[in-house]
Amino acid sequence: PLTSPPSKETMSHRKFEAPRHGNLGFLPKKRTKHHHGRCRSFPKDKDTSAAPHLTAFRGYKAGMTHVVRGVDRPGALMHKREVVDAVTILETPPMVVVGVVGYVETPRGLRTLTTVFAEHLSDEFKRRCYKNWYRSKRKAYTKYAKKWSEDGGKDIEAQLDRIAKFCTVVRVIAHTQVKKLNLRLKKAHTMEIQVNGGADARAKVDFAKSLFEKEVTVDSVFAKDENIDVIGVTKGKGYEGVTARWGVTRLPRKTHRGLRKVACIGSWHPARVSTTVARAGQDGYFHRTELNKKIYRIGKKGDKASCQTDADLTEKSITPMGGFVKYGEINEDWVMLKGAVVGVKKRSLVMRKSMMVHSSRKHLETIDIKFVDTSSKLGHGRFQTAEEKAKFLGPLASKQK
């Protein structure tokens, strides 16, 4: 009799053959409370020989474009070839440092010892302290500011000395300058940024105090070719079914009462629905941290030739024809990151120095950009600059009036 040979592909374990849909590590899937991204941890502060430096910065997502770059990775298939990479542009106006916080280490984690604020605070920072600015008396920090002039600022110095003496972790309080952006925002986004480096806490405190009321630019925190982590809130999708939310397989076409469902939500007993079963509910607007986004380029405010390269000598800035869709023009400093980042346009994102030491060639590669695309993102853009378009179209009747 003809018998089929025993198949080699016997099932080893059902969990390997049919793994569950969706990761349970991200439960509960609910809307975040931290709407502007939150640094839950900062890089380890090991190197005492390094100068004191900040470890994070805040930017605003403008949109995406693409670049052509040469690959320099010996041994790789694409070595010495050109590739097209999708890149995201974040607008990063300078941040202003307005305070310093000292933390002491306790068995239950960090505890705030004391906070010192600068003498002069801008209105956009003070607005963050109020629910209703125009009805308020706007007296925030008016009494506190007198401490700087009373007794030659003895009380302020005493608090800074306390931080230097007792604290192991020093962080500055900094805020963004949203008035420099065209976002119709007036309240600054504030955050704590850890100070790493320096021989001891005193060096960190002196560094933080030297930054009071000063602008900190993004190129003083990050450098080109650095790998950073991006922290933010994903695009909200509202109430979604199991197929979109968990990626479960659709049921056969003829299924009664719908097919984008989970067929069995559990056994009779235990007479409860397990937490591991995919259910419909909120999707998106989750707080997420994405690691290792490479910085391809950092652009400066007012640089009309920030997207000029050796291969493309056209003088052009990063804003594409017609502006970034749903964002507009970029008139401040900006950062170009490889790939996509979380969130919608205009969303505020935290960029943080990487938590790990990089060793792979992919992470250590020097990026050589040959071309940056600045054609319109609204349709199928044909022209890189307005001059190129005018040259191609010739004299237009609308321009002759």
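**Reading strands, rings and one buried threonine**

Modeller: Strands β4 and β5 form a hairpin, with two residues between them. This is a predicted model, in which local features need pLDDT of at least 70 and side-chain atom pairs count only at pLDDT 80 or more, while totals for chains, interfaces and linings use all residues. Residues are numbered from 1 along each chain as its sequence is written, and side-chain values use heavy atoms, with hydrogens and water left out.

Colleague: How many bridges join β4 to β5?

Modeller: Strands here are DSSP runs of E with at least two residues, helices are runs of H or I with at least four, and both are numbered from the N terminus. Two strands pair if DSSP finds at least two bridges between them. Between β4 and β5 there are eight bridges, and the strands run antiparallel. V100, for example, has V116 in β5 as its bridge partner.

Colleague: Which residue of β6 stands opposite G102?

Modeller: That residue is V170. Strand β6 (residues 169–175) runs antiparallel to β4 and is joined to it by seven bridges. Strand β8 (residues 215–216) also pairs with β4 in the antiparallel sense, over two bridges; there, E215 is the bridge partner of V96.

Colleague: Is strand β4 mostly covered or mostly uncovered?

Modeller: As a general idea, side chains in a regular strand alternate between the two faces of the sheet. Burial is judged by relative accessible area: buried means under 20%, exposed over 50%, and partly exposed in between (1.4 Å probe, protein chains only). Strand β4 (residues 95–106) is mostly covered, with 10 of its 12 residues buried.

Colleague: How many aromatic pairs does the structure hold?

Modeller: A pair of aromatic rings is described by the distance of the centres and the angle of the planes. Rings of Phe, Tyr and Trp (its six-membered ring) pair if their centres lie within 6.5 Å; planes under 30 degrees apart count as stacked, over 60 as edge-to-face and the rest as tilted. The structure holds eight such pairs. In one of them, the ring centres of F117 and Y141 are 4.8 Å apart and the planes stand at 55°, so the pair is tilted. F117 belongs to strand β5 (residues 109–117), whereas Y141 is in the loop between α2 (123–127) and α3 (142–145), 24 residues apart.

Colleague: Why is the pair of F117 and Y144 called edge-to-face?

Modeller: The planes of these two rings are at 85°, with the centres 6.0 Å apart, so the pair is edge-to-face. Because F117 lies in strand β5 and Y144 in helix α3, the pair ties together parts that are 27 residues apart in sequence. F117 is buried at 13% relative accessibility, and Y144 is buried at 18%, whereas Y141 is partly exposed at 26%. F117, F125, Y141 and Y144 form one aromatic cluster.

Colleague: Where is T319, and what does its side chain reach?

Modeller: T319 is in the loop between β12 (287–299) and β13 (334–338). With a relative accessible area of 18%, T319 is buried. A polar contact is a pair of N or O atoms within 3.5 Å; within protein, one must be able to donate a hydrogen and the other to accept it, and residues adjacent in sequence count only if both atoms are side-chain atoms. The side chain of T319 reaches the backbone nitrogen of I330 at 3.0 Å.
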